[in-house]
Amino acid sequence: MEFVGRHIMMDAVVSDIRRINAIQPIYDYMEEMARQLDMTLVYPPIVARFPFAQSELEQFVKKLSEENVKSATLQFMEEVLKRRATEDSGVSGVSIWLESHCTIHTWPEEKFFSLDAYSCKDFDPMVAFELTVKWFKVEYASFVDVERYIGGPCKIKAYEYKNGELRPCEPSIK
């Protein structure tokens, strides 16, 4: 079996949305993650807010409303589009490393973010975990660490972070 990479994933809930609802903290985090894991940035991180809802979907919903179409689904779509048009619409970031990548996607309205990082160069997953928990003031997280191999199965470790404590748990694979 030949080691080909480490892949970590985290889904987290935060106590304060300020750092997941702004471009600069996400950008700074991605630079710091690369530094702490000793990864080589190919480009500076690319971080952007979810586009405002000026899309075909918005035009379609507006047309239905103008035609006095009434439905719970239409009302739900209007509410989602309104929320997306606010500053609480989420931020996404990608950091390309010579060794691979790190991505993050945020949902401030849910106090939630999702993180994914992979590298063919091994790294300490707990360094990434601790940086992320402190940076974003994580209250709860599901954290998965996957060692990937050629010619053999992945080694998967799963954790739950709750009440300031990280505990191993069984990965749910179905």
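Let me begin with a definition: a residue is called buried when its relative accessible area is under 20%, exposed when that area is over 50%, and partly exposed in between. Asp124 shows how the definition works: its relative accessibility is 43%, so Asp124 counts as partly exposed. The structure before you is a predicted model, and every value I quote has been computed from it.

I shall stay with Asp124 for a moment. This residue sits in the loop that joins strand E5, residues 112-119, to helix H4. Its C-alpha atom lies 14 Å from that of Glu99, and the two residues are 25 positions apart in sequence.

Now to the overall architecture. The protein chain contains 4 helices and 8 strands. In sequence order, these elements follow the pattern β-α-β-α-α-β-β-β-α-β-β-β. The C-alpha trace extends over about 60 × 35 × 35 Å along its principal axes. Of the 174 residues in the chain, 37% are buried. As for contacts with a sequence separation of 6 or more, 64% of them join residues 24 or more positions apart.

I turn next to a pair of helices. Which way do H1 and H4 run relative to each other, parallel or antiparallel? Helix H1 covers residues 23-36 and helix H4 covers residues 125-136; their axes come within 10 Å and cross at roughly 155°. Angles over 145 degrees count as roughly antiparallel, and H1 and H4 are therefore roughly antiparallel to each other. The crossing of H1 with H4 is right-handed.

The residues that form this contact can be named. On the H1 side they are Pro25, Ile26, Asp28, Tyr29, Glu32, Met33 and Gln36; on the H4 side they are Val127, Ala128, Leu131, Thr132, Trp135 and Phe136. By class, the residues of this contact comprise 9 nonpolar, 2 polar and 2 charged.

Another residue of H1 deserves a remark, namely Glu31. Glu31 has a relative accessible area of 22%, so it is partly exposed. Setting aside neighbours within four places in sequence, Glu31 is in contact with Leu41 and Pro45. There is also a C-alpha separation of 7.6 Å between Glu31 and Pro44, which are 13 residues apart along the chain.

Asp38 is not a glycine, yet its phi is positive, at about 60°. Asp38 belongs to the loop between H1 and strand E2, which spans 46-49. With a relative accessibility of 53%, Asp38 counts as exposed. Ser100, again a residue other than glycine, has a positive phi near 155°. Ser100 is placed in strand E4, residues 100-107, and is partly exposed, with a relative accessible area of 22%.

Let me move to Tyr159, in strand E7, which runs over residues 155-162. Is Tyr159 buried or exposed? Its relative accessibility is 15%, and Tyr159 therefore counts as buried. Beyond its neighbours within four places in sequence, Tyr159 is in contact with Met126, Ala141, Ser142, Phe143, Leu166, Arg167, Pro168 and Cys169.

Cys169, one of the contacts of Tyr159, brings me to the cysteines. How many disulfides does the model contain? The criterion is a pair of cysteine sulfur atoms within 2.5 Å, and by this rule the count is 0.

To close, I return to two points. The model is predicted, and in it H1 and H4 are roughly antiparallel, with a contact made up of 9 nonpolar, 2 polar and 2 charged residues. The disulfide count is 0. Thank you for your attention.

Methods. Residues are numbered from 1 along each chain as its sequence is written. This is a predicted model: local features need pLDDT of at least 70, side-chain atom pairs count only at pLDDT 80 or more; totals for chains, interfaces and linings use all residues. Side-chain values use heavy atoms; hydrogens and water are left out. Axes are lines fitted to C-alpha atoms, for helices over the stretch in contact, and angles run from 0 to 180 degrees between N-to-C directions. Helices (H or I, at least four residues) and strands (E, at least two) are DSSP runs, numbered from the N terminus. Angles under 35 degrees count as roughly parallel, over 145 as roughly antiparallel, 65 to 115 as roughly perpendicular and the rest as oblique. A crossing is left-handed if the near helix is turned anticlockwise from the far one by less than a right angle, and right-handed if clockwise. Contact means heavy atoms within 4.5 Å. Ala, Val, Leu, Ile, Met, Phe, Trp, Tyr, Cys and Pro count as nonpolar, Asp, Glu, Lys and Arg as charged, and the others, Gly among them, as polar. Buried means under 20% relative accessible area, exposed over 50%, partly exposed in between (1.4 Å probe, protein chains only).
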